[in-house]
Amino acid sequence: MTLDDVALREKLASVRALALDVDGVLTDGSLTYGADGEVLKTFHVRDGMGMRLVQNEGIAVAVITAKRSPMLVRRLADLKVAHLLDAREDKGVAMAELAATLGVPLASIAFVGDDVFDLPAMRAAGVGIAVADAHPLVREEAAWVTRERGGRGAVREVCDALLDARGRLRAACEELLRR
């Protein structure tokens, strides 16, 4: 499907929560190890801005990841993202927990992933989205594949699409500027 697809735009307009994988979605999938063995991650600033914009519009943002990372906790705190489900290998179960916590049906949650561990969450979500450089099996099952790669603006593209489907993209940006 493409964003020109009316049914997809309607689904995007009804999304009440956005759930994201980390490695390969919020990052480019690279893992950099520091001298003391710590794993460093690089996040794209525009992805963060997109997350702020959708949160300001009442769309909850959550992260579901198989790993634990102090860098991720710090980034989510900076963005005021309250929902982190980490150390979760079964992301389908994590999606069900997220839906229960938020009090929204799974059909109202979009999930963005890039690799096979993300398939259960994508299948559970109302809208399963793959980043452009996702594994072919993941792209095959996605309702939509972004133009941008993971860690390179794909999350911003999704956030913009969610707002655009509501007719709120420009207004949300202008409101942010007035804050």
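Helices α1 (residues 6-13) and α7 (residues 154-165) cross at roughly 95°, and their axes come within 8 Å; the two are therefore roughly perpendicular to each other, a term that covers angles of 65 to 115 degrees. Here an axis is a line fitted to C-alpha atoms over the stretch in contact, and angles run from 0 to 180 degrees between N-to-C directions. Helices are DSSP runs of H or I with at least four residues, strands are runs of E with at least two, and both are numbered from the N terminus. On the side of α1 the contact (heavy atoms within 4.5 Å) is made by Arg-9, Leu-12 and Ala-13, and on the side of α7 by Ala-161, Leu-162, Asp-164 and Ala-165.

This is a predicted model, in which local features need pLDDT of at least 70 and side-chain atom pairs count only at pLDDT 80 or more, while totals for chains, interfaces and linings use all residues. Residues are numbered from 1 along each chain as its sequence is written, and side-chain values use heavy atoms, with hydrogens and water left out.

A second pair of helices, α2 (residues 45-56) and α8 (residues 169-178), packs at an angle of about 95°, with axes 10 Å apart. That makes α2 roughly perpendicular to α8. Met-49, Arg-52, Leu-53 and Asn-56 of α2 meet Ala-172, Cys-173 and Leu-176 of α8 in this contact.

The strands may be considered next. Strand β6 (residues 109-113) pairs with β7 in the parallel sense over 4 bridges, where pairing requires that DSSP find at least two bridges between the strands. Within this pair, Val-112 stands opposite Ile-129 in β7. Together with helix α5 (residues 119-124), β6 and β7 make a right-handed β-α-β unit; right-handed means that, with the strands pointing away from the viewer, the path from the first strand over the helix to the second runs clockwise. Strand β7 is also joined by 2 bridges to β8 (residues 144-145), and these strands run parallel. The bridge partner of Ala-130 in β8 is Val-145. From β7 the chain crosses through helix α6 (residues 136-141) to β8, in a right-handed β-α-β crossover.

In a regular strand the side chains alternate between the two faces of the sheet. In β7 (residues 127-130), Val-127 and Ile-129 point one way and Gly-128 and Ala-130 the other way, and all are buried, that is, under 20% relative accessible area with a 1.4 Å probe and protein chains only.

Finally, Gly-92 lies in helix α4 (residues 91-102). Gly-92 is buried, with a relative accessible area of 19%.

Key: Parallel < 35°, antiparallel > 145°, perpendicular 65-115°, else oblique. Buried < 20%, exposed > 50% of the residue type's maximum accessible area, 1.4 Å probe, protein only.
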